[in-house]
Amino acid sequence: MKKGKAVVVFSGGQDSTTCLLWALTQYEEVFTVTFDYGQRHIEEITCAEEIAHDLNVPFKVLDMTLINQLSANALTRSDIAVTDATDGKLPSTFVPGRNHLFLSFAAVYAQSIGARDIITGVCETDFSGYPDCRDVFVKALNVSINLAMDTSLQFQTPLMWLDKAQTWKLADDLGALEFVRTRTLTCYEGIRGDGCGTCPSCVLRQNGLTTYLEEKQGSVAK
Ligand SMILES: [Zn+2]
């Protein structure tokens, strides 16, 4: 039996789209919330909107451009290059506390529409050094949010312990491998589907897909 209402924190990328497809199998009513934080590629928001429209779920964009008043980084400033994490430093795509803010706003939105569950595609397995994507943080925030609003909201993190190959498997199990592969945008260069193929995000995504398809091939061959 499906549960009531849920809000999916949605960016139009592989992970959150997989979460959205998963949520549609679990809940009676699913809502999406997307954050406009002045992404380098406004294409990201268009992509998310089109997916939400095609899956027939409400789509809400919250203006979070104010975070640019706090920090400069590669995702929002076109003059800063996207670099990998090196020398123990965080990657240049990092906005400190971004996920913390997004989850907090998503929780207030969920509360306002009477949704109990908030689904986020954060993942500790592949986490690129973002401390607010870790399980311990999400659990701690969950407690704080409920204290803050005197509610019993629940963050759901279906991808928390999956690697990228397992996330592709989940999409495939949901009958949506091609949908996720062709429709989502994860590339830092703003190219949908398989993307530019060379940015850190594309490499992670492609390696996961290759691993999953090889494993699938292997298990079929047995
Ligand atoms: Zn790319």
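What follows is a short exchange on the terms used for this structure.

Colleague: First, what kind of model is it, and how many helices and strands does the protein have?

Modeller: It is a predicted model. The secondary structure comes to 7 helices and 5 strands. Along the sequence the pattern reads β-α-β-α-β-α-β-α-β-α-α-α. Buried residues make up 47% of the 222 residues. Among contacts between residues at least 6 apart in sequence, 69% join residues at least 24 apart.

Colleague: Turn to the metal. Which atoms are the protein donors of the zinc ion?

Modeller: They are the SG atoms of Cys187, Cys196, Cys199 and Cys202. Each counts as a donor because the cut-off is 2.8 Å, and these atoms lie 2.3 to 2.4 Å from the zinc ion. Their spacing along the chain is C-x8-C-x2-C-x2-C.

Colleague: Which parts does the pair Cys187 and Cys202 tie together?

Modeller: Cys187 sits in the loop between helix 6 and helix 7, and Cys202 sits in helix 7, so the pair ties together parts that are 15 residues apart in sequence.

Colleague: Why is the arrangement around the zinc ion called tetrahedral?

Modeller: Four donors count as tetrahedral if all angles lie between 85 and 135 degrees. Here the 4 donor atoms subtend angles of 105 to 118°, so the arrangement is tetrahedral.

Colleague: What makes Cys187 and Cys202 count as buried?

Modeller: Buried means under 20% relative accessible area. Cys187 has 4% relative accessibility, so it counts as buried. Cys202 has 3%, so it counts as buried too.

Colleague: Now the strands. What makes strand 1 and strand 2 a pair?

Modeller: Two strands pair if there are at least two bridges between them. Strand 1 (residues 3-9) and strand 2 (residues 27-36) have 6 bridges, in the parallel sense. Val9 stands opposite Val33 in strand 2. The chain gets from strand 1 to strand 2 through helix 1, and this β-α-β crossover is right-handed. Lys5 stands opposite Glu29 in strand 2.

Colleague: Which strand pairs with strand 1 over 3 bridges?

Modeller: Strand 4 (residues 117-119), again in the parallel sense. There, Val8 has Ile119 as its bridge partner.

Colleague: Over how many bridges do strand 2 and strand 3 pair?

Modeller: Over 5 bridges, in the parallel sense. Strand 3 spans residues 59-63. Phe35 has Leu62 of strand 3 as its bridge partner.

Colleague: Why is strand 2 called largely enclosed?

Modeller: Because 8 of its 10 residues are buried, strand 2 is largely enclosed by the rest of the structure.

Colleague: How do you know that helix 5 is mostly covered?

Modeller: Helix 5 (residues 164-173) has 7 buried residues out of 10. They are Lys164, Ala165, Thr167, Trp168, Leu170, Ala171 and Asp172. These buried residues pack against helix 1 (14-26), helix 6 (177-183) and helix 7 (200-221).

Colleague: What is found at the start of helix 5, and what comes just after it?

Modeller: At the start, a side-chain oxygen of Asp163 reaches to within 3.1 Å of the backbone nitrogen of Ala165. The cut-off for a polar contact is 3.5 Å. Just after helix 5, Gly175 takes a positive phi of about 75°.

Colleague: What makes the phi values of Asn56 and Asp150 worth a remark?

Modeller: Most residues other than glycine have a negative phi. Asn56 is not a glycine, yet its phi is positive, about 65°. Asp150 is not a glycine either, and its phi is about 55°. Asn56 lies in the loop between helix 2 (43-54) and strand 3. Asp150 lies in the loop between helix 4 and strand 5 (154-156).

Colleague: Are Asn56 and Asp150 buried or exposed, and why?

Modeller: The cut-off for exposed is over 50%. Asn56 has a relative accessible area of 69%, so it is exposed. Asp150 has 71%, so it is exposed as well.

Colleague: And Asn146: buried or exposed?

Modeller: Asn146 has a relative accessible area of 17%. The limit for buried is under 20%, so Asn146 is buried. Asn146 lies in helix 4 (residues 135-149). Not counting residues up to four places away in sequence, Asn146 touches Thr151, Ser152 and Leu153.

Terms used
Residues numbered from 1 in each chain as written. Predicted model: local features only at pLDDT ≥ 70, side-chain atom pairs only at ≥ 80, totals over all residues. Heavy atoms only, no water. Buried < 20%, exposed > 50% of the residue type's maximum accessible area, 1.4 Å probe, protein only. Helix = DSSP H or I, 4+ residues; strand = E, 2+ residues; numbered from the N terminus. Contact = heavy atoms within 4.5 Å. Polar contact = N/O pair within 3.5 Å; in protein donor to acceptor, adjacent residues only side chain to side chain. Right-handed = clockwise from strand over helix to strand, strands pointing away. Donors = N, O, S within 2.8 Å, 3.2 Å for Na, K, Ca; no water. Tetrahedral: all angles 85-135°; square planar, octahedral: opposite > 155°, others 65-115°.
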